[in-house]
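Subject: Structure handover

Hello,

Here is the structure I said I would pass on. Please open it beside this email and follow along as you read.

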Amino acid sequence: MRGIYFDNNATTRPLPEVLDVMTACLTDGFGNASAVYRRGREARERIEAARASVARLLGASPSEIIFTSGGTESDNTALFGLCGPGDHLVTTAIEHDAILSCLRPLAERPVSVTLVRPAPSGRIDPEDVRRALTPQTRLISVMTANNETGVLQPIEDIGRIAAETGVWFHTDAVQAAGKIAIDVGRMGCHLLSLSAHKIHGPQGIGALYIKRGSPVRPLVLGGHQERGRRAGTENLAGIVGFGRAADAARDGLSDGAVARIAEWRLRVERELCAHIDGLVINGGDVPRVCNTLNLTIDGVPADALMAALDRRGISISAGSACRSGSKAPSHVLRAMGLSPRQARCSVRISLGKLNSGEEIDYFLSIFAETVRCLRKDPRSTTI
Ligand SMILES: Cc1ncc(COP(=O)(O)O)c(C=O)c1O
């Protein structure tokens, strides 16, 4: 059997149609979109068609989308592009490192920061965001869906608070795109980050929605690409692949793909809860994206469980892929009140539309037994 990939929050397999359009751009369709001859104009047309696809996924206008190198650059651009000396930023303790790693350099500007903590459920209380605001608050940045737990945040309520108080509002929607319908107007955000490789597009390309009139300074300086908002020759193949992935992500919301993933996750949750004692679903009581399941399994270290499943050809993770080299327990689970030990006994299973019912069957047929063996001997390598 081909390996079973249940780590779709880390990255996703590019769709065949994404590979096809990218290959065409990297072969006969190459060109610099700034050139005025036919090859350049055709590259420009492809980029603008992809921009329209990404805009449609968000309910935005194409002129409000800039392409970046990924979710990280989009997040960095939002924060550094809006916050300057003397400003105050409100964000949360459960953001991705693409946000949290900006806080120290921002402090040097100096930008003061308030980190709002989640409830034990993983949800941010919008009233805590309101209470954190000061007359100096320039920007609120709260993620739409958490990458480790899948917990959805009350973005529309926070958007209303931003509108009432006249504060700019950014949301990192990298883990929400393609899993829930996104409408920037309804969410009330001025900035929104996306990444292609989380929606079956290529790695190394992302987008930032910038609502018309938002005063965002560019992070990458150079030529006049992206109307002066992000310099550098456009990643033509990446952008075109992203456009195709965005179309497919939009289709998936209505063609049954998302509903199928939700059913698979429900089945996994029910069966694991029925057959494994001492199991807790983190964020299990609040709205989550359809594909993500974060489990604490008492007495079973995540690294031992991941290794045992890997030997059976199944890939799952212990949380954020970018922290996988770190020994520190998950900052998200710790912020939700789990002890370091509980956080180290937590794994993330993230499903995707390229999984199959047979893969779910196989996973369920071995998971409970694997857990039982590890509880007897966590160092066992024979499972
Ligand atoms: C919530 C969130 N934000 C940002 C990123 C970074 O995106 P990229 O890998 O495209 O830089 C990730 C990637 O895991 C993520 O999950």
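**Around the ligand**

The residues in the shell around the ligand comprise four nonpolar, nine polar and two charged ones. Before going further, please keep in mind that this is a predicted model. In total, 15 residues surround the ligand, and the closest are Gly70, Gly71, Thr72, Asn147 and Ser195. Which helix gives the most to this shell? Helix H3, residues 71-82, does, with three residues.

**Strand S5**

Strand S5 covers residues 137-141, and four of its five residues are buried, so the rest of the structure largely encloses S5. S5 pairs with strand S3 (residues 88-92) in the parallel sense, over three bridges. In that pairing, leucine 89 is opposite leucine 139 of S5.

S5 also runs parallel to strand S6 (residues 168-172), and three bridges join the two. You can find this pairing at two places. Isoleucine 140 stands opposite phenylalanine 169 in S6, and serine 141 has histidine 170 of S6 as its bridge partner. What do S5, H7 and S6 make together? They form a right-handed β-α-β unit, in which helix H7 spans residues 155-165.

**Strand S6**

How many of the five residues of S6 are buried? Five of the five are, so S6 is largely enclosed by the rest of the structure. Side chains in a regular strand alternate between the two faces of the sheet. In S6, Trp168, His170 and Asp172 point one way, while Phe169 and Thr171 point the other way, and all are buried.

S6 pairs with S7 as well, in the parallel sense and over three bridges. Here the bridge partner of threonine 171 is leucine 192 in S7.

**The three-stranded sheet**

The other sheet is open and has three strands in the order S9-S10-S12, with antiparallel pairing. Its edges are strand S9 (279-281) and strand S12 (346-350); each has a single partner strand, so one side of each is left without a neighbour in the sheet. The twist from one strand to the next averages 25 degrees.

Strand S10 (residues 292-297) pairs with S12 in the antiparallel sense, over five bridges. One place to look is threonine 296, whose bridge partner in S12 is serine 346. Helix H10 (residues 257-275) lies across S9, S10 and S12, and it runs at about 15 degrees to S10.

**Histidine 331**

One residue is left to describe. Histidine 331 is in helix H12, which covers residues 331-335. Is histidine 331 buried or exposed? Histidine 331 has 20 C-beta neighbours inside 10 Å, so this residue counts as buried. In sequence, histidine 331 and glutamate 148 are 183 residues apart, and their C-alpha atoms are 9.9 Å apart in space.

Regards

Technical notes. Residues are numbered from 1 along each chain as its sequence is written. This is a predicted model: local features need pLDDT of at least 70, side-chain atom pairs count only at pLDDT 80 or more; totals for chains, interfaces and linings use all residues. A residue is near a molecule or strand if its C-beta atom, placed from the backbone, lies within 6 Å of it. Ala, Val, Leu, Ile, Met, Phe, Trp, Tyr, Cys and Pro count as nonpolar, Asp, Glu, Lys and Arg as charged, and the others, Gly among them, as polar. A residue is buried if 20 or more other C-beta atoms lie within 10 Å of its own, exposed if 12 or fewer, and partly exposed in between; C-beta atoms are placed from the backbone. Two strands pair if DSSP finds at least two bridges between them. A crossover is right-handed if, with the strands pointing away from the viewer, the path from the first strand over the helix to the second runs clockwise. Axes are lines fitted to C-alpha atoms, for helices over the stretch in contact, and angles run from 0 to 180 degrees between N-to-C directions. Two residues are in contact if their C-beta atoms, placed from the backbone, lie within 7 Å.
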